[in-house]
Amino acid sequence: MIDNFISNLQHGIYHVVHINAYEHILFLIVLSLPYFFKDWKRILLLITIFTVGHCLSLSLVTYNIVSLNIRVTSFLIPLTILIVSLFNIFTSGKKTHQSKFGFLFFITLFFGLIHGLGFANELKSLISASENKLLAILEIALGIEIGQLIIAFIVIFLSFICQTIFRFSRRDWIMVISAIVLGSVLPILITNELFS
C-alpha cells in the first residue's frame, strides 16, 4: 500500500518536473510569473484549481467517459500556454491578476482539464492496474500538486531575485519572460500534426 502511494506520488511529481514535461513547465511559468511570495494564497489556489482540472480529466479518461484525439490535445496544450502568455503581456502592470474569481481562475480550471487529457493517456494503464483507481488518481494528483508548487516556487524566487537584485521592473520582467515562452510555443503550434 505504501509502495503504491510512493510510486503514484512519484509519477505525479515526475510528470511536472521532468524535462519532457516542458509544456507543463512553460504553462506554470506564465501562470506564476505575475505573482510575489506575498501572493502565496492566490498561487496555491490557482495551482490547486489546475490540479483539480488534471484530476477530473484523469478520472474521465480512466473510467472511459471521455476520449480525445491525441493530435487535438497536443495542439490545445501549447494553445493554453500561448493564451496565458498573451494575457500576461497585455495585462502586465495592471491589477487584473489580483481580481477575485475572474477570467484567470476559470481558464486555469479549463486548461487543467486540457493538460490532464494529455497526461491521462500516459497513466491510464497504470491507474487501471490499481485495485483502487480513485485512490491512485488522488495519489497522482497529490504528486502533481507538489511538482507544480516546486516549479511555481522556483519561478517566484527567480522573479524576486531579478526584480530586487538586478532591478528589472515588474512589468518588463513579466512581458519579457511571457514573450520568451510565447516564442517557444509558436513553433510547436505551427508544426502540430493537427495541420498535417
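Predicted model: local features only at pLDDT ≥ 70, side-chain atom pairs only at ≥ 80, totals over all residues.
I'm calling a residue buried under 20% relative accessible area, exposed over 50% and partly exposed in between, with a 1.4 Å probe and protein chains only. Residues are numbered from 1 along each chain as its sequence is written, and side-chain values use heavy atoms, with hydrogens and water left out.

**Entry 1: positive phi**

I looked up Arg-167 and found a phi near 60°, positive in a residue other than glycine. Arg-167 sits in the loop between α6 (133-164) and α7. My helices are DSSP runs (H or I, at least four residues; strands would be E, at least two), numbered from the N terminus. Arg-167 is exposed, because its relative accessible area is 67%.

Then I checked Asn-64, which isn't a glycine either and has a positive phi of about 55°. Asn-64 belongs to the loop between α3 and α4 (70-91). With 58% relative accessibility, Asn-64 goes down as exposed.

**Entry 2: α3 against α6**

Two packed helices are described by the angle between their axes and the distance between the axes. I take axes as lines fitted to C-alpha atoms, for helices over the stretch in contact, with angles from 0 to 180 degrees between N-to-C directions. For α3 and α6 the axes come within 9 Å and cross at roughly 145°. The crossing of α3 past α6 is right-handed; that label means the near helix is turned clockwise from the far one by less than a right angle, and left-handed means anticlockwise.

For contact I use heavy atoms within 4.5 Å. On the α3 side I noted Phe-50, His-54, Leu-58 and Thr-62, among others, and the α6 side includes Lys-133, Ile-137, Glu-145 and Ile-156. By class, the α3 contact with α6 has 14 nonpolar, six polar and two charged residues. My classes: Ala, Val, Leu, Ile, Met, Phe, Trp, Tyr, Cys and Pro are nonpolar, Asp, Glu, Lys and Arg are charged, and the others, Gly among them, are polar.

**Entry 3: Thr-62**

Is Thr-62 buried or exposed? Thr-62 is buried, at 3% relative accessibility. A polar atom of the Thr-62 side chain lies 2.6 Å from the backbone oxygen of Leu-58. I count a polar contact as a pair of N or O atoms within 3.5 Å; within protein, one must be able to donate a hydrogen and the other to accept it, and residues adjacent in sequence count only if both atoms are side-chain atoms. Leaving out residues up to four places away in sequence, Thr-62 touches Lys-124, Ile-127, Lys-133 and Ile-137.

**Entry 4: α1 against α5**

Asn-8, His-11 and His-15 of α1 meet Phe-119, Leu-123 and Leu-126 of α5. I sorted the residues of this contact into three nonpolar, three polar and no charged.

**Entry 5: Asn-192**

Last, I went to Asn-192, in the segment after α7. Asn-192 is buried at 6% relative accessibility. Its side chain reaches the backbone oxygen of Ser-74 at 3.0 Å. Not counting residues up to four places away in sequence, Asn-192 touches Arg-71, Ser-74 and Phe-75.
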